[in-house]
Amino acid sequence: AVYRSVLHAHFTEGGFADAVQALVDGVVHATLDFQDLITKSLPKTALAFHYDFNMRHLSSVCQGLLRARNSAIKTPLHFLRLWVHELHRVYADRLVGEQDSKAFQEQLLQVLQRHFGSDLEMEEILAPPLLFCSFCGPSNSGSFSGTSRPYTEVSSMDALKSLLQFAIKEYNDLHPQLNLVLFEDAMAHICKICRILEGSPGHALLVGIGGSGKQVLTRL
């Protein structure tokens, strides 16, 4: 009831289309359904001690949806893609191993088909690249400064690469040279790190072998 009330208020007062507002109840029920499934299929273990999915993770999904603005989320498809993106960030980014990632995808597809299968094609909802960030909107094409940055979907990896190349140039004008190869995983990680740091509070543990770019990506 709390999540439904908060989201209804945001999408009603935010001037979203009626078709988008109509999905709020379904998204809340689908999120609760997904949390129940993922908790049962991926329980907390000695090796995966951080698989402790609880109310905090539901709140994180809700917080991500509250970043939506009517200028970016105009259709039910946009809304569902944002919702799926937040599930990936809150749940999938914490998983270790291909088997657990596969279980996540299976549970996600099951929930999508159960709650939204008759409304939209699954291929449209899950089509890559499925990334949202606050520096890909039209108003951010010339500068990365400022606080009014809408949470928008990345239109293509080429567009994201162009923006990040500009950001590297801007960074290098003020700091020691930042040498970074912008392959797709690196660009996706930058979007993920930005999303975390813009949260309140925002913190992350970046895990990887030495020299894999954790510090460089975070500085950018």
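Author: Helices here are DSSP runs of H or I with at least four residues, and strands are runs of E with at least two. Keep in mind that this is a predicted model.

Reader: OK, how many helices and strands are there in the protein chain?

Author: The protein chain has ten helices and two strands.

Reader: And in what order do the elements run from the N terminus?

Author: Starting at the N terminus, the order is α-α-α-α-α-α-α-β-β-α-α-α. The chain is as compact as a globular protein of its length, because its radius of gyration of 18 Å is close to the 17 Å that the globule rule gives for 220 residues.

Reader: What does the C-alpha trace span along its principal axes?

Author: About 50 × 45 × 30 Å.

Reader: Switching topic: how much of the chain is buried?

Author: Of the 220 residues, 40% count as buried. The accessible surface is about 12100 Å², and carbon and sulfur atoms hold 56% of that.

Reader: What about cavities, how many of 30 Å³ or more?

Author: The count is one. The largest cavity holds about 80 Å³ of space.

Reader: Which residues line the largest cavity?

Author: Its lining is made up of Tyr3, Leu7, Val27, Val28, Thr31, Leu32, Leu58, Val61, Cys62 and Leu65. The elements giving two or more residues to that lining are α1 (2-13), α3 (24-41) and α4 (55-65).

Reader: How does that lining divide into nonpolar, polar and charged?

Author: Nine of the lining residues are nonpolar, one is polar and none is charged.

Reader: Last one: what share of the contacts between residues at least 6 apart joins residues at least 24 apart?

Author: In this chain, 66% of those contacts do.

Terms used:
Residues numbered from 1 in each chain as written. Predicted model: local features only at pLDDT ≥ 70, side-chain atom pairs only at ≥ 80, totals over all residues. Heavy atoms only, no water. 1 Å grid on protein atoms, 1.4 Å probe; cavity = no way out; pocket = protein on both sides within 12 Å on 5 of 7 lines; lining within 4 Å. Points joined across faces, edges and corners; volume = space filled by probe spheres on them. Nonpolar A, V, L, I, M, F, W, Y, C, P; charged D, E, K, R; others polar. Rg over C-alpha atoms; globule rule 2.2 N^0.38 Å. Buried < 20%, exposed > 50% of the residue type's maximum accessible area, 1.4 Å probe, protein only. Contact = heavy atoms within 4.5 Å. Areas by Shrake-Rupley, 256 points an atom, 1.4 Å probe, with all protein chains shown as cover.
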